[in-house]
Structures are given as C-alpha cells and as structure tokens.
Amino acid sequence: DGGITQSPKYLFRKEGQNVTLSCEQNLNHDAMYWYRQDPGQGLRLIYYSQIVNDFQKGDIAEGYSVSREKKESFPLTVTSAQKNPTAFYLCASSPGQYNSPLHFGNGTRLTVT
Amino acid sequence: SQQGEEDPQALSIQEGENATMNCSYKTSINNLQWYRQNSGRGLVHLILIRSNEREKHSGRLRVTLDTSKKSSSLLITASRAADTASYFCATLPAAGNKLTFGGGTRVLVKP
C-alpha cells in the first residue's frame, strides 16, 4: 500500500538539542509539506517542497530546517533555536498540482524538556 | 491569522443525529477542502469543493459552498460513534499555493 511514513511516533529530547523527524512517501508525489499542530488547534505550515532540491518557507519556518535530496524523503530538523518545539508534527504530500488534496502521515509527537 | 475558522469549536450529538459544522474564510479561494482527524493521528481528506461549485456529496457527507458569504458547511448525516473526530476546513487562495487550515470542530458522537 502506498502512503506516508513518519518516524518515530514519539520523540523526547532535552532542550538545546537538535532533532530530526523523518518523513518518507512511496506515492510518487512531487510535493511534500511539514505542518505543526498544537493542542486543540489547527495546522500551521512550516516548510514545503514542490520539487526535489527545492523548498520554501511556510508561515512558521523560524527554528526549523529541511532538505529534499530525494523525491520520497523530506526530513525536518527542529533546531535549538526553535523556542517552543514541543508539538505534534505532521508530514503530507500531494501530486503537485495546487488543487490536489493532501495525504498525511500519522505524525510525530515531539516533547522537549 | 487563519484563513478558515470553524464553528462550532465543539459539537456533541447522539448516534443517528445529523452533525453540521461551518467554515468561514476571508479571501477569495481556488478551492476549499474538508479533512478529518482521529485523536493522535494524521488528517484524512474528505471532500474538495471548487470555487465554481455549490454542493458536493460523498456517502453520508454533504458540503456546501457559498462564495458570496465566504463560507462552507459540512453535514454528516445519520452519525455513528465512529464519526467522533476533529474536522478541519482548509482553503487554497485564488492567488496562492499554500493551503491554510482552520482550528477545527471537535465532534463527539455518543452511542
């Protein structure tokens, strides 16, 4: 079955450490996205990539970095510069056309203490 | 600020009843999408409605779009306990390429 895999499901880190969240898709989608969700709230866009080796900042990119070296992979690094990193992180992909719905992974819950 | 705002924020109904939630947005859109999220999981796409469409159906789901009022509604008919989830609207601006999500409506269907 095609889909998006995010790993790990739960991640714990100490303050000041960088951490990388994995996102892999086998849907052959061109576009990939990272969203952040805080408790009881909607999704906010962190970064997105429409094509390999290219990505753009979303609405809340500060303190995060990404890479898109392969079509199927879009890892997100939460750096120590991110002031409130504890959140639920969701990765998504789409075929690339702007009017296509998104396919989501099941998320990674990051807790930083 | 969020483009889409759902109303109500939370909804509690009995199994078999209908559930209606609304989404309002501020700027012209290319399309509006509804997603469902079960607790602790990713979002699942339900319906996409384009700006030139007024109504779409999918099984027990009915979505309407009123571009003059910049609003949309999602109706779930004959609800089931398994419909318990959060429902989000997302808008794609007419001049833009970023989907913007609202804050969601939490629906509880009691058996």
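This report covers the cores, the chain interface, the salt bridges and some backbone features of a predicted model.

## Nonpolar cores

The largest nonpolar core holds 21 residues. Those with the most contacts inside this core are B:Met21, B:Leu32, B:Trp34, B:Leu74 and B:Tyr87. Strand 2 (10–14), strand 3 (19–25), strand 4 (29–37) and strand 5 (43–50) each supply at least two residues. So do strand 7 (61–66), strand 8 (71–76), strand 9 (85–93) and strand 11 (105–110) of chain B. Strand 3 of chain B gives the most, with four residues.

## The interface between chains A and B

The size of an interface is often given as the accessible area lost when the parts come together. Here chain A and chain B bury about 1,700 Å² between them. Carbon and sulfur atoms account for 50% of that area. In terms of contacts, 22 residues of chain A meet 22 residues of chain B.

One salt bridge spans the two chains. A:Asp59 pairs with B:Lys98 in a salt bridge, and the closest N and O atoms are 3.3 Å apart. Four residue pairs are in polar contact between chain A and chain B, counting pairs with both residues at pLDDT 80 or more. On the side of chain A that touches chain B, strand 4 (31–37), strand 5 (43–51) and strand 9 (87–94) of chain A each give two or more residues. Strand 5 of chain A has the largest share, four residues. By class, this side of chain A has 10 nonpolar, nine polar and three charged residues.

## Salt bridges within the chains

Over all chains, the structure holds seven salt bridges. In chain A, the side chains of A:Arg44 and A:Asp38 meet in one of them, at 2.8 Å from N to O. A:Arg44 is partly exposed, at 35% relative accessibility. A:Asp38 has 12% relative accessibility, so it counts as buried.

In chain B, B:Arg60 and B:Asp83 form a salt bridge at 2.9 Å, N to O. The pair links distant parts of the chain, 23 residues apart. B:Arg60 sits in the loop between strand 6 (55–58) and strand 7 of chain B. B:Asp83 sits in the loop between strand 8 and strand 9 of chain B. B:Arg60 is partly exposed, with 22% relative accessibility. B:Asp83 is buried, at a relative accessible area of 7%. Back in chain A, salt bridges that share partners join A:Arg36, A:Asp38 and A:Arg44 into one network.

B:Arg62 and B:Glu55 also meet through their side chains in a salt bridge, at 3.2 Å from N to O. B:Arg62 is partly exposed, with 31% relative accessibility. B:Glu55 is partly exposed too, with a relative accessible area of 39%.

## Cis peptide bonds and positive phi

Most residues other than glycine have a negative phi, and most peptide bonds are trans. Several places in this model depart from that pattern. A cis peptide bond joins A:Ser7 and A:Pro8, with omega about -10 degrees. A:Pro8 lies in the loop between strand 1 (4–7) and strand 2 (10–13) of chain A. In chain B, the peptide bond from B:Asp7 to B:Pro8 is cis, with omega near 0 degrees. B:Pro8 lies in the loop between strand 1 (4–7) and strand 2 of chain B.

A:Asn28 is not a glycine, but its phi is positive, at about 60 degrees. A:Asn28 lies in the loop between strand 3 (19–25) and strand 4 of chain A. A:Asn28 is exposed, with a relative accessible area of 57%. A:Asn53 has a positive phi as well, near 65 degrees. Its place is in the loop between strand 5 and strand 6 (54–57) of chain A. A:Asn53 is exposed, with a relative accessible area of 61%.

## A buried serine

A:Ser94 belongs to strand 9 of chain A. Its relative accessible area is 1%, so A:Ser94 is buried. Leaving aside neighbours within four places in sequence, A:Ser94 contacts A:His29, A:Asp30, A:Ala31 and A:Tyr33, and also A:Ser100, A:Pro101 and A:Leu102.

Technical notes. Residues are numbered from 1 along each chain as its sequence is written. Chains are lettered from A and ligands numbered from 1 in the order in which they are written. This is a predicted model: local features need pLDDT of at least 70, side-chain atom pairs count only at pLDDT 80 or more; totals for chains, interfaces and linings use all residues. Side-chain values use heavy atoms; hydrogens and water are left out. A nonpolar core is a set of buried Ala, Val, Leu, Ile, Met, Phe, Trp, Tyr and Cys residues joined through side-chain atoms within 4.5 Å. Buried means under 20% relative accessible area, exposed over 50%, partly exposed in between (1.4 Å probe, protein chains only). Contact means heavy atoms within 4.5 Å. Buried area is the accessible area (1.4 Å probe) that two parts lose on being put together, summed over both. A salt bridge is a side-chain nitrogen of Lys or Arg within 4 Å of a carboxyl oxygen of Asp or Glu. A polar contact is a pair of N or O atoms within 3.5 Å; within protein, one must be able to donate a hydrogen and the other to accept it, and residues adjacent in sequence count only if both atoms are side-chain atoms. Ala, Val, Leu, Ile, Met, Phe, Trp, Tyr, Cys and Pro count as nonpolar, Asp, Glu, Lys and Arg as charged, and the others, Gly among them, as polar.
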